[in-house]
Amino acid sequence: MTNKGQVNIYEMNNLKKEVKSLKKSIEDLTKIIKEHVKNNTILDNNKPNIINNNVNNDNKTAKPKQKKVKRECIEKEHFDFLIKEIKELINDDNKKFNLLLIISILFYTGLRISEVISLNKTQILELFTKEELNVFCSKSNENRKIYLFKETQNKILNDIFNIKNDEFFNKIDEKGFISSYNNKLTERTISHWMRPFFNKLGEKFGDKRNNDNKIKGSQWSFHSFRTNLINHFIRNGININDISKLIGHSDIKTTFEYYRNKQPTKTEVYEIYKKSNSRKSDYESGPNRINSRGSATLDRKFLGLRTICLSINLS
């Protein structure tokens, strides 16, 4: 006759054997699962596949893959539309001033939005007084010059803000672009402010996303300003290597990706023809001469680049 202690030992031994057997079964099953996953197969064709995520249940349909939409150019008529809408719909003076100045710098310099909002008052003043500014580009890991010529500055001050220089500069905080709470504006905040206006731009001029559910994102964004400037330079004959340096691309292939093969109108062709003829005398002598490949120097005194930049103002 066994006592109580002996019964417990007997039961524990049986339990250990069962646990050992269960572990062996789990190991075997794990090996089988890994094999099937590796070979991209399923255990039972009649059952839903829980191993291969690429095979869906009969009741589920695969979502169509969305293609990313190409950013369109924000041209002069689009820019004027945004300026008009911002002036009419925003009541907060600080918010209105910041948005108008930010998109003006974006449109005329081709800076990235992150580069614009990082500018402080000293840098903005230098851009407006010296007509140029050295900007560090984190992507290419080098400095580059941006330009804002006097004629363009006058257009910003007179047509957009309708104020004098002193009044304009007094409105800019020492830290640059700040909120009503005296905090430095972030890219996320600016994007939130501008989204309704980009939507209005899509409603007015069309947005591919509205007509095609397979397209991801909107064709209007802050990068649309850069896209426009790059295309403007390409259509006006500036060498692609110079454009890449001017815009802050480390790889020329990236610059080519921004190109939109748009058929120029008769008026645009005529304007390019006129500008090329009018600049010919400027190219023939002095430091402004173009090289043998027709490549334009990025010196601020180069009249060709100045003329191209100013031509953005054409309606």
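I began with charges and found Lys84, Glu85 and Glu88 linked in a network of salt bridges (a salt bridge being a side-chain nitrogen of Lys or Arg within 4 Å of a carboxyl oxygen of Asp or Glu). The structure holds eight salt bridges.

A note on ground rules before going on. This is a predicted model, where local features need pLDDT of at least 70 and side-chain atom pairs count only at pLDDT 80 or more, while totals for chains, interfaces and linings use all residues. Residues are numbered from 1 along each chain as its sequence is written, and side-chain values use heavy atoms, with hydrogens and water left out.

Next I looked up Glu115. Glu115 forms a salt bridge with Arg112, with the closest N and O atoms 2.9 Å apart. Glu115 also forms one with Arg144, at 3.1 Å between the closest N and O atoms. This second pair links distant parts of the chain, with Glu115 in helix H4 and Arg144 in strand E3 (residues 142-147), 29 residues apart. (Helices, H or I with at least four residues, and strands, E with at least two, are DSSP runs numbered from the N terminus.)

Arg112 counts as buried at 8%, and Arg144 counts as buried at 6%. (Buried means under 20% relative accessible area, exposed over 50%, and partly exposed in between, with a 1.4 Å probe and protein chains only.)

Then I checked Glu174, whose side chain meets that of Lys121 in a salt bridge at 3.9 Å, N to O. Glu174 lies in the loop between H7 and H8 and Lys121 in helix H5, so the pair ties together parts 53 residues apart in sequence. Glu174 counts as exposed at 56% relative accessibility, whereas Lys121 counts as buried at 14%.

On to the nonpolar side. Which residues touch the most other members of the largest nonpolar core? Phe168 and Phe225 do, in a core of 48 residues. (A nonpolar core is a set of buried Ala, Val, Leu, Ile, Met, Phe, Trp, Tyr and Cys residues joined through side-chain atoms within 4.5 Å.) Among the elements giving two or more residues to this core are helix H2 (76-89), helix H3 (93-109) and strand E2 (132-137). H3 gives the most, with 10 residues.

I listed the partners of Phe168, leaving aside neighbours within four places in sequence: Phe97, Leu101, Phe128, Leu157, Phe161 and Ile163 are in contact with Phe168 (contact means heavy atoms within 4.5 Å). A second, separate core of 11 residues includes Phe233, Ile238, Ile240 and Ile243.

Asp251 is found between helix H11 (240-247) and helix H12 (252-257). Asp251 is partly exposed, at 34% relative accessible area, and its side chain reaches the backbone nitrogen of Lys253 at 3.0 Å. From Asp251 to Asn241 I noted 9.2 Å, C-alpha to C-alpha, for 10 residues of sequence.

Last, the totals. The chain has 15 helices and four strands, and 38% of its 315 residues count as buried. Among contacts with a separation of 6 or more, residues 24 or more positions apart account for 66%.

Notes:
A polar contact is a pair of N or O atoms within 3.5 Å; within protein, one must be able to donate a hydrogen and the other to accept it, and residues adjacent in sequence count only if both atoms are side-chain atoms.
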